[in-house]
Amino acid sequence: MQALGLTAEKRITTELNGIYFVKIIDTNKNNNLVQIKTCPDFGRNEKVKPARKFWIEPDFLYPLVKGAGDIQECYVSIKKDLYVLVPNKGITKQL
């Protein structure tokens with residue numbers, strides 16, 4: 001990445017994939033909410049089972065792109081309808 005003038009940074013930490021990797025299962029346009037379902041099979045922590053459903057704001061969801069299976073040179077192919085839950089809009093460090 002340095003050769004291209006870019007630097008790699010870790011932006012999202014998802015050690016608990018079973019909680020943060022979700023599927024959208026319903027929408028409520030009146031309240032501008034989506035119902036999500038957790039995907040505990042993506043995590044290694046048994047404490048996140050069983051799958052749970054929640055209503056949240058869609059602004060916290062982003063399409064999930066998972067490594068070499070979804071990314072090829074100059075092309076992204078998302079094979080599953082999965083999203084990642086990012087519960088904050090930015091991380092700042094105050095000195």
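Which residues is Thr38 in contact with, leaving aside its neighbours within four places in sequence? The views below begin with the whole chain and then return to this residue.

**View 1. The predicted chain as a whole.** This is a predicted model, in which local features need pLDDT of at least 70, side-chain atom pairs count only at pLDDT 80 or more, and totals for chains, interfaces and linings use all residues. Residues are numbered from 1 along each chain as its sequence is written, and side-chain values use heavy atoms, with hydrogens and water left out. The protein chain has 2 helices and 7 strands; these are DSSP runs numbered from the N terminus, with helices being H or I of at least four residues and strands being E of at least two. Along the sequence they follow the pattern α-β-β-β-β-α-β-β-β. Of the 95 residues, 21% count as buried, where buried means under 20% relative accessible area, exposed over 50%, and partly exposed in between (1.4 Å probe, protein chains only).

View 2. Strands of a sheet pair through backbone hydrogen bonds, either parallel or antiparallel.

**View 3. Strand 1 and its two partners.** Two strands count as paired if DSSP finds at least two bridges between them. Strand 1 (residues 21–28) runs antiparallel to strand 2 and is joined to it by 6 bridges. Asn28 has Leu33 as its bridge partner in strand 2. The two strands form a hairpin with 4 residues between them, and Asn32 in the turn has a positive phi of about 55°. Strand 1 is also joined to strand 7 (residues 83–85) by 2 bridges, again antiparallel. There, Phe21 has Val84 as its bridge partner.

**View 4. Strand 2 beside strand 3.** Strand 2 and strand 3 (residues 53–56) pair in the antiparallel sense over 4 bridges. Ile36 stands opposite Phe54 of strand 3. Gln35 also has its place in strand 2 and counts as buried, at 15% relative accessibility. Not counting residues up to four places away in sequence, Gln35 touches Lys23, Ile24, Ile25, Asp26, Lys53, Phe54 and Trp55.

View 5. Thr38 lies in strand 2 (residues 33–38) and is buried, with a relative accessible area of 9%. Leaving aside its neighbours within four places in sequence, Thr38 is in contact (heavy atoms within 4.5 Å) with Gly18, Ile19, Phe21, Val22, Pro50, Ala51, Arg52 and Phe54. A polar atom of the Thr38 side chain lies 2.8 Å from the backbone nitrogen of Arg52.

**View 6. Gly43 in the loop.** Gly43 is found in the loop between strand 2 and strand 3. Its C-alpha atom is separated by 5.8 Å from that of Leu16, 27 residues apart along the chain. Leaving aside neighbours within four places in sequence, Gly43 is in contact with Asn17 and Gly18.

How values were computed
Polar contact = N/O pair within 3.5 Å; in protein donor to acceptor, adjacent residues only side chain to side chain.
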